[in-house]
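Trainee: I would like to learn how to read a structure feature by feature. Can you take me through one?

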Amino acid sequence: MTDSDTRRPATLAAQSLESIDPASGGVVPAIQPSTTFVRDRDYEPLVDGRIYARDQAPTPEHAEGLLARLEGGKDAMLFASGMAAATAVVQALRPGDHIVAQDVMYWTLRAWMISFCADWGIGLDLVDGTKDGAFEAAIKPGQTKLVWVETPANPTWDIIDIAAVAKVTHAAGAKLVVDSTVVTPVLSQPLALGADIVFHSATKYLNGHSDVLAGALVTAEDDPFWARIKDNRLNIGGVLGTFEAWLLLRGMRTLYLRVERCCSNAMAIACHFDGHPAIDAVLYPGLESHPRHAVARHQMPGGFGGMLSLRVKGGREAALRCVANLRCFQRATSLGGVESLVEHRASVEGPDSPIPDDMLRLSVGIEDIDDLIADLESALA
Ligand SMILES: *Cc1c(COP(=O)(O)O)cnc(C)c1O
């Protein structure tokens, strides 16, 4: 990475930062799977201070360099999964610290935060992020160390104003982490809006092919909080393997194309089913009727994402009937792949879930839009 490198993000992703392998001239990144690296006769590491792969593996570092560039950050770290990355952040806090997060957010992380914070004496307030001033009211200056925001929030796609939350977070001396899994660096750069750290489940859009589990963090500053998270990764060991990192690099070569297509397909579905007789509501930040459409438009200049939810007329039964009838959308969890998926989140999350049971979450892929709309139409008929 040099100061004179003026390539734009889509170019960096397509070229895997520096895809030419100097050893062979190959046009794709090389895989270097060594776990250990030699020292010279003076017992100094022979190359770049490399000693051991847990935190110094070259192929994951290549992918980290690319991600840091795409998000406009100082440094990036890859983990074995999104959860490994998210938990490494929370575990950088100490007993007595306090976290503010949203009541509607990625379900597994929400559930883990509740039990971990209770076990380890960390305060946790889950707020209704759609209410103005909700974060500010919950932040306890001096005690709140971390504010965790997910926008658009899974699976209602509520929009949180990152710049506004960054202001109140920093006024209290806390760090703001933004889960940008659904947004990707293609649509928005949370660090530029004031976030301190961007989180990705790279399992989703970044890899994009539903065949790698990975997590990522990108930081605005290489500060003591980042150093603590780095220590967690090194010592707890939830690192990404070399082969997964290589697949992730390959997936990211088409990131911009994939995300653009997912966005245009999702927008077409949202517009088609907005006001449809079988649908009570379409939840998608790209619709002008979305309560925070204006914030979304400002905050996500690249597009509104490939995720949306439909509230089906007729409640739980009608929603489940529609899911059962779909043929092109696959009934499966997860999101951000090239294939379209559908999920009835209320069934998956169980009785404690705040998610209405007439809601279907769609992860819109890159298929022909006419097939996707026809599939939904016939399943709702
Ligand atoms: C999937 C997901 C996670 C968790 O990531 P894993 O890679 O599954 O561990 C966190 N946040 C969001 C928004 C997700 O979609």
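Predicted model: local features only at pLDDT ≥ 70, side-chain atom pairs only at ≥ 80, totals over all residues.

Trainee: Let us begin with the ligand. Which residues come nearest to the ligand?

Mentor: Start with the shell. There are 14 residues around the ligand, and M83, D179, S201, T203 and K204 come nearest. Then sort the shell by class. It has five nonpolar, six polar and three charged residues.

Trainee: Which elements each supply at least two residues of that shell?

Mentor: Helix α3 (82-90) is one, and strand β6 (197-201) is another.

Trainee: What polar atoms lie 2.8 Å from an oxygen atom of the ligand?

Mentor: Look at backbone and side chain separately. On the backbone, an N or O atom of G82 lies 2.8 Å from a ligand oxygen. A polar backbone atom of M83 is also 2.8 Å from an oxygen of the ligand. On the side-chain side, an N or O atom of K204 is 2.7 Å from a ligand oxygen. The ligand taken alone exposes 380 Å², and the protein buries 94% of that.

Trainee: Now the surface. Which residues form a nonpolar patch there?

Mentor: I20, V27 and V28 form the patch, with about 270 Å² of accessible area together. Take V27 as the example. V27 sits in the loop between α1 (9-14) and α2 (58-71).

Trainee: Why does V27 count as exposed?

Mentor: Apply the cut-off: exposed means over 50% relative accessible area. V27 counts as exposed because its relative accessibility is 55%.

Trainee: On to salt bridges. How many does a search of the whole structure find?

Mentor: The general idea comes before the count. Side chains of opposite charge can pair when their charged atoms come close. Here the search of the whole structure finds 16 salt bridges.

Trainee: Where in the chain are the partners E18 and R7?

Mentor: Their side chains meet in a salt bridge at 3.5 Å, N to O. E18 is in the loop between α1 and α2, while R7 is in the segment before α1, eleven residues apart. E18 is partly exposed at 47%, and R7 is partly exposed at 24%.

Trainee: What does the pair of E61 and R50 tie together?

Mentor: E61 and R50 meet through their side chains in a salt bridge of 3.0 Å, N to O. E61 lies in helix α2 and R50 in the loop between α1 and α2, so the pair ties together parts that are eleven residues apart in sequence. E61 is partly exposed, with a relative accessible area of 32%. R50 is buried, at 13%.

Trainee: And D358 with R311: how many residues apart in sequence are the parts they tie together?

Mentor: The side chains of D358 and R311 form a salt bridge at 2.9 Å, N to O. D358 is in the loop between α13 (345-349) and β12 (359-363), and R311 is in strand β9 (307-312), so the pair ties together parts 47 residues apart in sequence. D358 counts as buried at 10% relative accessibility. R311 is partly exposed at 28%.

Trainee: Which residues do salt bridges with shared partners join into one network?

Mentor: That network consists of D5, R7, E18 and R69.

Trainee: Last topic: the backbone. Which residues does a cis peptide bond join?

Mentor: Read omega. A cis peptide bond joins T151 and P152, with omega about -10°. Another cis peptide bond joins N154 and P155, with omega about -5°. P152 is in the loop between β4 (144-150) and α6 (162-171). P155 is found in the loop between β4 and α6.

Trainee: What about phi? Is D48 buried or exposed?

Mentor: Take the angle before the surroundings. D48 has a positive phi of about 50°, although it is not a glycine. D48 is in the loop between α1 and α2. At 69% relative accessibility, D48 counts as exposed.

Trainee: And W157: buried or exposed?

Mentor: Phi of W157 is near 60°, a positive value in a residue other than glycine. W157 is found in the loop between β4 and α6. W157 is buried, with a relative accessible area of 0%.

How values were computed
Residues numbered from 1 in each chain as written. Heavy atoms only, no water. Near = heavy atom within 4 Å. Polar contact = N/O pair within 3.5 Å; in protein donor to acceptor, adjacent residues only side chain to side chain. Areas by Shrake-Rupley, 256 points an atom, 1.4 Å probe, with all protein chains shown as cover. Helix = DSSP H or I, 4+ residues; strand = E, 2+ residues; numbered from the N terminus. Nonpolar A, V, L, I, M, F, W, Y, C, P; charged D, E, K, R; others polar. Patch = residues over 30% accessible without salt bridge, like charges linked within 9 Å, V, L, I, M, F, W, Y side chains within 5 Å. Salt bridge = Lys/Arg side-chain N within 4 Å of Asp/Glu carboxyl O. Buried < 20%, exposed > 50% of the residue type's maximum accessible area, 1.4 Å probe, protein only.
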